[in-house]
Amino acid sequence: MKLGYRVEIDPSGKDSPWWVTVMAVVLAFGLVAVFILVTGKNPVTVYTKMLGGAFATPFGLTETLVKAIPLMLCGLGVSLAYRIQVWNIGAEGQFLAGAMAATAVTIYLPGQPAWISLPVMLLAGLAAGGLWGLFTALPKVFFNVNELIISLMLNYIAILGLNYVVFGPWKDPKGFNFPGTPPFTDAQTLPAFGDTRLHFGLILALVAVVLAAVAVKYTRWGYELRLIGANPEAARHAGINIRRHVIFVMLLSGGLAGLAGMAEVSGVAHRLLYGISPGYGYTAIIVAWIARLNPFGIVVSAVLFGGLIAGGYSVQTLGLPSSISSLLQGSVLFFLIAGSILGKVRLRRTV
Amino acid sequence: MDDTLSVELRGLVKQFGTVLANDHVDFAVRQGEIHALLGENGAGKSTVMCMLSGVYRPTSGEIYLHGQLAKIHSPKDAMRLKVGMVFQNFRLVPTLTAAENIVLGESRPIWRTKGWMAKKTAEIEALATRFGLGFPAGRAIWQLSVGEQQRVEIVKTLYRGADLIILDEPTSVLTPGEADQLFETLRRLRDEGKTVILTTHKLKEVMAVADRISVMRKGKMLATLDKSATDEREVARLMVGQDRKEPRPRQNRPGGETLLWIKDLVVIGDHGRHALDQFSLKVKVGEIVGIAGVAGNGQKELAEVLAGLRSWKTGTITFRDHLWKGASVRHSIESGISHVPENRMKSGLAGSLGSVDNLLVKSYRSSERSKLGFLKTGKNRLWSQNLVEQFDVKTAHIDAPVHQMSGGNQQKLLFAREIHQRPHLMVAVHPTQGLDVGATDGVHNLLMALRDEGKSVLLISEDLDELLLLSDRTVVLFGGRAMGEVTHETADREQLGMMMAGVSASGESL
């Protein structure tokens, strides 16, 4: 026999260890450095600028956290769906549905005091996001339609719906033809911390994370999700109604993204705008996977990605486009997926 | 070398890991005959056929075709040597037409114009008509009936020039009418000079169509008989063997009380036909009832109905004097039926979860294990630790994923969970499949202990030894009906074998 090595796939391969995630992030920065070099800039300066812009100044840090709020909520939402192998990639649409519903409250129910308008907006955001999630769940459960396709398509419906309202019926008459609604009143605005842009949505997001963590780990419902995720057939043999779980989880998943949309219009933009989301719903998918669906991990990865977005804006002063941060996000996901596949490959010496 | 032999196998051995699937098989098929290879599931029939058709390579031994030593390393080699195989599960592309499926894999020409396809279709139709194998060549496969699909498979082998056609369990997917038509085709193939080998476990079919019969058991080739010189009884005896083990000693006789009463049950299987057909069964308290039969005769559906996973069309089920209204897994669990499913890793356990989560599967709803929707985490861990120790499950840690454990330990874990439910009836499907001798013995002890405690067991197994060892009574399922039953005092392997092959005790065939 020849001596040498052969490559084997070990199907029972365990989940990849934690350092694979770190390696993916490092490799992503390395790969993007090549692109930065091509533009004639020094990657070290660019990365220093980015990190500084994202974490070093009080303004940068609050901006990072402001961006982390929708990522946390959307990421938590999709992570619940991924736990039971429902591939919801519609957080973007669910986010927009929530943002639109919350804005609708300001338009059709104006002049209410804060203690009425804010809870109503919050519920409207949750409900609209949940409804958007339900539109994905129902065809999946009853007609076995692939949820990837429906949830993606629903994103476009939500985006076009947003465009319609901001260019059409809800456009601010005093807005110089700018595609956006009239600004919210103080009673329709989430309170902020001091005079920063950081708003109460952070508390909402953190509460949601803690609740999800407890529910997933310690409740019967969480156990059922775990069982469905690990082996749906065994769950069926245990008398668990998987359809009902899919519907409820998508309601929750969409609801959390909808809540993020409400927090964004009410806490940051203070109005509904054309292009209100720079793709939070999509970035949230990466946030959830980096955290391996762990709720507390999602807090960390959401802050990291919030920093990437905030830092991306600060490199514009160096003459680089802010899409550097999109490039980084994409590369992280690429290496993460590659890592989890390569993690199953074993190099064995032939004897 | 005798060149009237189409195939000759000498000392063929095939080993999968530690399992010896074929043990020095000698086998000869004459040119132009229909040769049936008979045996129970797992006897090694399919393995022999797969080696002939190049799917597996023999561990050792030689294959001769027409007296020439043949090296068959791949299905392509087999095709070149004019050996064609029709698998039990068809190898057809559902969205392509029958003709397209048949020419699939042909290397030339690259450009397949309409004219070329029309020419090929005409060729295929001519070939099919010659052997009396009609099917609409221009229709997509998914639109064809199973019988038609099988004909497409046969024509595919003929089109590729096969002289020797191997059919693995060809009638298992067919209705009786389609089967008769298939036999007609096989005779026609033989009359045209082709050689046919078919594997089966149905005696009636063998007697109807075969010229010669070979019988395998437990990987060994036992005998080759001329059909004219044998009868069903002799073949059945060969198939199931003579060796008889003493049944396990039992402490008490089952009580008179009926626990489960199934009456005239009709169940539709996944294939859309009657999987159980007017099936009736009574299980008494403290009794192990064995269900014997070759796979696919309704055993799976029977287990699923009792586990609440499948609904039934007509008939009644009465369990502990309550009439069942419909299929519900929760109801089955709560009324005291535990279920050890056929494939423990597919439907019994969640491989990536630890022992604790796997033990909780059936009981997490109870007030012992959870309160107000919250699991009693600390208490459950202690409970799991105890169960794991009590049932002697060897695991690195109670949180270690169960797919890391050996099959025997997985099965122990499953039994720990199901027995802990304190069931009135345990439905155990192939509970010792894939286990070594020690683990098998352990499972048998657990089942006997349940019985001696006054619980009942419905033991569904293909292993006659196991059934005769444990069961108080053994009922044979064939075609969704009870062919008959034997008690452990009067158990007769030969009679069981006949019934499993579709011949009832009174000698009449179904």
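Two strands are said to pair if DSSP finds at least two bridges between them. In this predicted model, such pairing places B:Ala36 opposite B:Ile213 in strand β9 of chain B.

**A buried strand in chain B**

B:Ala36 belongs to a group with B:Ile34 and B:Leu38 that points one way from strand β3 of chain B, whereas B:His35 and B:Leu37 point the other way, and all are buried.

| Strands (chain B) | Bridges | Sense |
|---|---|---|
| β13 (288-292) and β21 (473-478) | four bridges | parallel |

**An open sheet and the helices across it**

Strands β13 and β21 of chain B belong to an open sheet of six strands, in the order β16-β19-β20-β13-β21-β22, with mixed pairing. The edge strands of this sheet are β16 (337-340) and β22 (481-487) of chain B, each of which pairs on one side only, and the twist from one strand to the next averages 20 degrees.

Helix α9(B), residues 299-306, lies across β13, β16, β19, β20 and β21 of chain B and runs at about 145 degrees to β19(B). Helix α17(B), residues 493-500, lies across β13, β21 and β22 of chain B, and runs at about 25 degrees to β21(B).

In soluble globular proteins, nonpolar side chains tend to be buried together. Here the largest nonpolar core has 240 residues, and those with the most contacts inside it are A:Met72, A:Leu73, A:Cys74 and B:Leu459. Helix α10 of chain A, residues 242-269, gives the most to this core, with 13 residues. Leaving aside residues up to four places away in sequence, A:Met72 touches A:Ala205, A:Val209, A:Ile298, A:Val299 and A:Ala302.

Where the chains meet, 16 residues of chain A are in contact with 28 residues of chain B. On the chain A side, the elements that give two or more residues are α8 (220-230) and α9 (232-237) of chain A, and α8(A) gives the most, with six residues. The residues of this side divide into seven nonpolar, five polar and four charged.

**Two residues with positive phi**

Which value does phi of A:Phe176 take? Phi of A:Phe176 is near 50 degrees, a positive value in a residue other than glycine. A:Phe176 is found in the loop between α6 (147-167) and α7 (201-218) of chain A, and counts as exposed because 6 other C-beta atoms lie within 10 Å. Phi of B:Gln278 is likewise near 50 degrees, again positive in a residue other than glycine, but B:Gln278 has its place in strand β12 of chain B, residues 274-284. Because B:Gln278 has 14 C-beta neighbours inside 10 Å, it counts as partly exposed.

Technical notes:
Residues numbered from 1 in each chain as written. Chains lettered and ligands numbered in written order. Predicted model: local features only at pLDDT ≥ 70, side-chain atom pairs only at ≥ 80, totals over all residues. Core = buried A, V, L, I, M, F, W, Y, C linked by C-beta atoms within 7 Å. Buried ≥ 20, exposed ≤ 12 C-beta atoms within 10 Å, placed from the backbone. Contact = placed C-beta atoms within 7 Å. Nonpolar A, V, L, I, M, F, W, Y, C, P; charged D, E, K, R; others polar. Axes fitted to C-alpha atoms, helices over the stretch in contact; angles between N-to-C directions.
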